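Colleague: I am new to reading protein models. Can we go through one together, feature by feature?

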Amino acid sequence: MSAETPLKDLPKVDPTLKGQLEGFSAVNLKKIETEEKIHLPNKEDVEAEKKAQAHLQAVEGFNAAQLKHANTQEKIVLPAKEDIENEKGQQALRQGIEGFDHTALKKAQTAEKNTLPTKEMIEEEKKA
């Protein structure tokens with residue numbers, strides 16, 4: 001705040017904060033040594049920066065009027081007759097599978113044959 005600001009216009013400070021500020025002593029602070037870390041670029045960094053700047057200047061200074069016009073030909077590769085026939089065959093096969101009428105199938109009963117050993121067979125195996 002400037003010296004021209006009247007006292008009544010200055011912001012009010014909280015009384016608890018004011019008491020803490022008045023009771024502050026710099027003696028209680030810890031002594032700390034500060035290390036200034038100045039990272040100067042090495043030779044490789046300088047060379048890389050120079051190369052980048054030279055590249056940007058070359059791109060910016062490029063004369064597009066020196067380019068020659070080139071005509072492009074779009075070549076559309078159509079599938080061969082064999083490829084079309086193969087795809088039609090695959091589509092017909094898929095349609096045949098999807099449209100198969102399973103109601104025309106006959107009902108089949110499977111008979112499971114699980115023969116269990118007789119008591120005599122079990123006794124013979126125990127002896128062996």
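Modeller: Start with confidence. This model is predicted. The mean pLDDT of the protein chain is 87, and 98% of its residues reach 70 or more.

Colleague: Where in the protein chain is confidence lowest, and where is it highest?

Modeller: The lowest mean is in α1, at 83. Helix α2, residues 43-60, has the highest, at 94.

Colleague: Next, the surface. Which residues make the nonpolar patch?

Modeller: V13, L17 and L21 make it, and it covers about 280 Å². Take L21 as the example. L21 sits in helix α1, which runs over residues 15-22.

Colleague: Is L21 buried or exposed?

Modeller: Exposed means over 50% relative accessible area. L21 has 57%, so L21 counts as exposed.

Colleague: Now charge. Which residues gather in the patch of negative charge?

Modeller: E44, D45, E47 and E49 do, on the surface. E44 belongs to helix α2. Its relative accessible area is 55%, so E44 is exposed.

Colleague: And E33? Where does E33 lie?

Modeller: E33 is in the loop between α1 and α2. With a relative accessible area of 76%, E33 is exposed.

Colleague: How far apart are E33 and E49 in sequence and in space?

Modeller: Give each distance its own unit. In sequence, E33 and E49 are 16 residues apart. In space they are 34 Å apart, C-alpha to C-alpha.

Terms used:
Residues are numbered from 1 along each chain as its sequence is written. This is a predicted model: local features need pLDDT of at least 70, side-chain atom pairs count only at pLDDT 80 or more; totals for chains, interfaces and linings use all residues. Side-chain values use heavy atoms; hydrogens and water are left out. Patches are made of residues with over 30% relative accessible area and no salt bridge: like charges are joined within 9 Å, nonpolar side chains (Val, Leu, Ile, Met, Phe, Trp, Tyr) within 5 Å. Accessible areas come from the Shrake-Rupley method with a 1.4 Å probe; for residues, only the protein chains shown count as cover. A salt bridge is a side-chain nitrogen of Lys or Arg within 4 Å of a carboxyl oxygen of Asp or Glu. Helices (H or I, at least four residues) and strands (E, at least two) are DSSP runs, numbered from the N terminus. Buried means under 20% relative accessible area, exposed over 50%, partly exposed in between (1.4 Å probe, protein chains only). pLDDT is the predictor's confidence in each residue, from 0 to 100. Lys and Arg count as positive and Asp and Glu as negative; His and the chain ends are not counted. The place of a charge is taken as NZ of Lys, CZ of Arg, CG of Asp or CD of Glu.
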